[in-house]
Amino acid sequence: MAWYYLKDGRRKGPVSSAALRLLLRRGELAPDCPIWRSGSGERSTVGQLGANPGRGGWLRRHWRGQLGLPVSFWINGFACQLVLFVLAIAVGRLLSSLHHPYAFATGLVLLWLGATAILSWLGIGIWRSASAYCQQHRERWRRAWGRLAQMAVLLLFAHMSIQFISEDIGLPGIWQGFRHTAFDDGLAPFRIEVLNQGRELALRGGLRRGANVALAQALAAHPKVRLVQLDSQGGLIDEGRKMQALIHRHGLTTFVPHGCFSACTVAFLGGHQRILREGAQLGFHSPSLLGLKGSLATAMRKQERHYLLTLGLAPHFVERILATPADEIWLPSLAELRASEVVTEINDGSSYGMLPEHKPGAFEAELLRMPVYRALKQHAPAEYQRVLDRWQKGLAQGEPLDSVRGELGPQLWTLGINQLHRIPPPVARRYLTLQIEHLRSLQQHDPRLCFAFTFGGDDEQDYGRYLSPKQRERETELLAELITAADAPAVPPVPDQVAQIRQNLMERLYHEAGDAIHELPRAARGEPVDRNRACSLVLRYYELAQTLPDAELSPLVKTLFAPSQTGS
């Protein structure tokens, strides 16, 4: 293989490879003496001859500077720019979809490692090729091209260093990503609990790494689960997205008993039915962009907008979310949540499993905020302890509030009614008023319910659920007064006096309703009657009783309701 070399500024050759090695060993040629082959743009040095510069792949020859300067600078330079351009687009799209800060930061590190490797190969190869070009040519204008190429390499590395230090996709983004990774360690631990005999799961705490996996394992272990309760301040958006997909794939209902914020709302949106407890809150904000700005942040925001729209949120609702800074919370009103179909139902949550308490005494303290339980603890401590034990058992097992309340309610009312013969006249009047309100509510809902409540017929029915919240509040206050009366002396009614009062009321009712009043005794005997009319007659009877003075009303109420809550 014939080579030419440069010595004392003059071209020598052609000589063989063996001859060049011999001149190198004798010290007649320096290792950096440029050599080349006739008709080829490849350049090398005598010192590289031992590495067989005429052979090797394109990448290796560029690295050694064995390719001509035009090839190294223009062709390889253009090819590398094209590769980096495509790589930047692909990685940019990938990074904009990475919502875990650790994955984001790791992606940036890998991007910079790849870019550094490619640009180092390109720059060092051009530098070496330019050095050989300058040594080969004595003309200043030719050597200037080599120096300009080397200057371009220096500018390339300077620009790359500035980008790495100052741009969001460089060191700032990497720092923010790893810094936000510590955010996961600052979140409250999550826990998943089984409620309502395996039909519900409750997730409480922060959405840390692994929350989605834990939820998937819980669903696999409890195939009867149809509802997931979410009570979380938020956490990692990536975990929220994975939980959303998991909940949606299983066709589950989501329910918020207290509050669901930030990434938790994404998981909530996975429910086919999305239920909010009265008084609970949903809180939204734009995703954390890890402090980034510019094109990458814009791409991440665009991707988040597309994702939220695919979940079925209204465009104006999505824009409001994205307009809320990541360090603030937007709490939409119930009207906004309903209008945008974020929630499908709002109720009192009493039909879903209660969340077990993890703070000793917290539930009892909450229970004692209600007058009826304070009265029970003070005036019937043994009964209070039994009731408390039942509540705590239901709480520990995640039973629905309605289930426990439906069991204990009749027992408490039985206890209260047993004290009717002790109550003072004002309490008797309030008791009758509550009965009237209750009957009206039942009649408006379904006359059959009013009839069954008055004359008996469905002992399993929970009539209390047809009361309004205000009526329920008055009911519990009255029950507390009844229980409190346990310490008062008994004042039994005088039978003859009560009989005369009742006769007078029936005469007044007959004057208004005529022979229709005969339906009341038939209804009491279980004979077929017009249920709605019978219920209306009882209501009117109670209303007439309300007009009586306390001295007549009190013994009447004790007679009507002390034995049972039926009859007229």
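Predicted model: local features only at pLDDT ≥ 70, side-chain atom pairs only at ≥ 80, totals over all residues.
The chain contains 23 helices and 12 strands. Of its 568 residues, 46% are buried. Among the contacts in the chain with a separation of 6 or more, 66% are accounted for by residues 24 or more positions apart.

The largest nonpolar core comprises 64 residues, and the members that touch the most others in it are Tyr373, Trp391, Tyr431 and Tyr542. Helix α22, which spans residues 531-546, gives the most to this core, with nine residues. Another core, of 40 residues, lies apart from the largest one and includes Met243, Leu246, Phe268 and Phe284.

When neighbours within four places in sequence are left aside, Tyr373 is in contact with Leu367, Leu368, Tyr384, Val387, Trp391 and Leu412.

Leaving aside neighbours within four places in sequence, the contacts of Val404 are Met354, Arg390, Trp391, Gly394 and Glu399. The relative accessibility of Val404 is 0%, so this residue counts as buried. Val404 and Met354 are 50 residues apart along the chain, and a distance of 10.0 Å separates their C-alpha atoms.

Helix packing was examined for α17 and α19. The axes of α17 and α19 are 10 Å apart, and the two helices pack at an angle of about 145°. Their crossing is left-handed. On the side of α17, the contact is made by Val427, Arg430, Tyr431, Leu434, Glu437, His438 and Ser441. On the side of α19, Gln471, Arg474, Glu475, Leu478, Glu481 and Leu482 take part. Tyr431, which belongs to this contact, is also one of the residues that touch the most other members of the largest nonpolar core.

Helix α17 covers residues 425-445 and contains Gln443. With a relative accessible area of 18%, Gln443 is buried, because the cut-off for a buried residue is under 20%. Apart from residues up to four places away in sequence, Gln443 touches Cys450, Asn532, Cys535, Ser536 and Leu539.

Two of these neighbours, Cys450 and Cys535, are joined to each other by a disulfide, with an S to S distance of 1.5 Å. The link of Cys450 and Cys535 is right-handed, with 55° about the S-S bond. Cys450 lies in helix α18 (residues 447-455) and Cys535 in helix α22, so the pair ties together parts that are 85 residues apart in sequence. Both Cys450 and Cys535 are buried.

The count of disulfides comes to two. Besides the link of Cys450 and Cys535, a disulfide is formed by Cys260 and Cys264, whose sulfur atoms are 2.1 Å apart. The torsion about the S-S bond of Cys260 and Cys264 is about -115°, and this disulfide is therefore left-handed. Cys260 counts as buried, at 0% relative accessibility, and Cys264 counts as buried at 2%. When the bonded cysteines of the chain are numbered in sequence order, the pairing reads 1-2, 3-4.

Burial was also computed for two further cysteines. Cys33 is buried, with a relative accessible area of 7%. Cys80 likewise counts as buried, at 7% relative accessibility.

Key
Residues numbered from 1 in each chain as written. Heavy atoms only, no water. Helix = DSSP H or I, 4+ residues; strand = E, 2+ residues; numbered from the N terminus. Buried < 20%, exposed > 50% of the residue type's maximum accessible area, 1.4 Å probe, protein only. Contact = heavy atoms within 4.5 Å. Core = buried A, V, L, I, M, F, W, Y, C linked by side-chain atoms within 4.5 Å. Disulfide = S-S within 2.5 Å. Axes fitted to C-alpha atoms, helices over the stretch in contact; angles between N-to-C directions. Left-handed = near helix turned anticlockwise from the far one by under 90°.
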